[in-house]
Amino acid sequence: MTIFGGGTPSSLVPWSGPAILLVDLDAFFASVEQMDHPEWKGQPVIVGGPSSERGVVSTASYEARRFGVHSAMPSAQAERMCPQAIWVRGNHARYKEVSQTIMGILGDETPHLQQVSIDEAFLDVSTTRHNTEHPYNVAARIQQRVRTEVGVTCSVGIGSTKTVAKVASDREKPSGLTCVMPGSEQAFLAPLPIRALSGVGAASEAELRKFGIQTLGQLAQAEESLLKRVFGKNAGLMRQRALGGEQSPVAADRTVKSVSHETSFAQDITCREDVRAAIATMATGVGRRLRKKGLAGTTVSLKLRLGDRQIKQAQTTLDAPTNNERAFTGLLYDLLDQVWAEGTPVRLVGVGVSNFEAPGAQLNLFANEAAGQRDHNLLTAADAIKDKFGESALTFGHEWRTKGK
């Protein structure tokens, strides 16, 4: 636990101004697996797909990370680096359940909560006339509750802005607590490597290093022309972030901008009927999600990743908003013919719907009202069966064509 800029845990310097916490659950998926399987505690655990299916690492426990394993690494490489690891495909329903419990704990501390992923959230715990508790104490209490009430750990960063809080949360892991006091932001950030800053990826890091920029302090003092060359229109924003001065509020954005569903294949598929069957299966998933969210969209998109990793995309606009996959699957087949030639290996198929309109708009495109009603009844019944008995309780014929691939 570190307090940067003055004070100790037993003698805290008073806090003034905005106070933002970033709570980051440590190796979350792997931690949940170790919690649910106590015999795995202290052992390297990797959540991800097997190498035989071109899998990648989703999360690695800290025991596995000591061998160099990290997220997004090809599973084959991770297997070579840590052959003794315990591999788990993952249980996302379980991870979501644990995440919701933890978000409830965070919500007990403040209504100003912005969940940014299943394992990360910002909190605004600024001191006011009615709330005088030091942010450090709030963070320590959150860590204690998450550990004792749930059984996993989290690292917390505290700062006057979201950027500082995020960088601070990565300084000491796992179970770290780093507090950057107001007024010490620049001194805290300046010596850190440029990759510590959100928005600096591998390509921009390499470009900055060409000009001798290796720390955030150097980035903050760099020429405007150089920053524009690397970051384009975001040059000013990145300078402000490097200075710790970017101001953006903690606000939950629950606006859904698109709904999509995609899948990768263990072996490339080349047959038109297989690709069409995969498209229909993805469209079914998108339609179901749209109906569960009460959304209807007018833009339908198709995404393919070919065997050579080249990505092909196409989209079309509907005359009226829909959440009925039977209304837009045929259009996806037309898009397929625009971007793909039969025989070309396909590794991934994705379908998306966006540009939503208000509920209550016409939800199907069928001119025949009776046919539209039959489709509506069919999909409503299918949704009800899946809600009650699970997603695999009912399967359409086209889904069997690519099942197991």
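Lys 292 is exposed, with a relative accessible area of 59%. Exposed means over 50% relative accessible area, buried means under 20%, and partly exposed lies in between (1.4 Å probe, protein chains only). Lys 292 sits in helix H12. Helices here are DSSP runs of H or I with at least four residues, strands are runs of E with at least two, and both are numbered from the N terminus.

This is a predicted model: local features need pLDDT of at least 70, side-chain atom pairs count only at pLDDT 80 or more, and totals for chains, interfaces and linings use all residues. Residues are numbered from 1 along each chain as its sequence is written, and side-chain values use heavy atoms, leaving out hydrogens and water.

**A positive patch**

Which residues form the positive surface patch? They are Lys 96, Arg 289, Lys 292 and Lys 293. Helix H12 (residues 272-293) gives the largest share, three residues. Patch residues have over 30% relative accessible area and no salt bridge; like charges are joined within 9 Å, and nonpolar side chains (Val, Leu, Ile, Met, Phe, Trp, Tyr) within 5 Å. Lys and Arg count as positive, Asp and Glu as negative, while His and the chain ends are not counted.

**Salt bridges**

Side chains of opposite charge can pair when their charged atoms come close. A salt bridge is a side-chain nitrogen of Lys or Arg within 4 Å of a carboxyl oxygen of Asp or Glu. By this rule the model has 21 salt bridges.

| Arg 94 | Glu 97 | 3.2 Å |

Lys 173 lies in the loop between helix H6 (162-169) and strand S9 (177-180), and Asp 24 lies in strand S2 (residues 20-25), so the pair ties together parts that are 149 residues apart in sequence. Lys 173 is partly exposed at 30%, whereas Asp 24 is buried at 9%.

Arg 94 and Glu 97 both belong to helix H4 (residues 92-109). They are three residues apart, about one turn of the helix. Arg 94 is partly exposed, at 24%. Glu 97 is partly exposed too, at 44%.

Arg 141 is partly exposed, with a relative accessible area of 30%. Elsewhere, salt bridges that share partners join Asp 24, Asp 26 and Lys 173 into one network.

**Backbone details**

Most residues other than glycine have a negative phi, and most peptide bonds are trans. A cis peptide bond joins Lys 173 and Pro 174, with omega about -5 degrees. Pro 174 is in the loop between H6 and S9. Ser 175 is in the loop between H6 and S9 as well. Its phi is positive, near 60 degrees, and Ser 175 is partly exposed at 33%.

Ala 72 also has a positive phi, near 75 degrees. Ala 72 lies in the loop between helix H2 (62-65) and helix H3 (75-81). Is Ala 72 buried or exposed? Ala 72 is exposed, at 59% relative accessible area.

**Cysteines**

How many disulfides are there? The count is zero, where a disulfide is a pair of cysteine sulfur atoms within 2.5 Å. Cys 82 is buried at 0% relative accessibility. Cys 179 is buried, also at 0%.

How values were computed
Areas by Shrake-Rupley, 256 points an atom, 1.4 Å probe, with all protein chains shown as cover. Charge placed at Lys NZ, Arg CZ, Asp CG, Glu CD.
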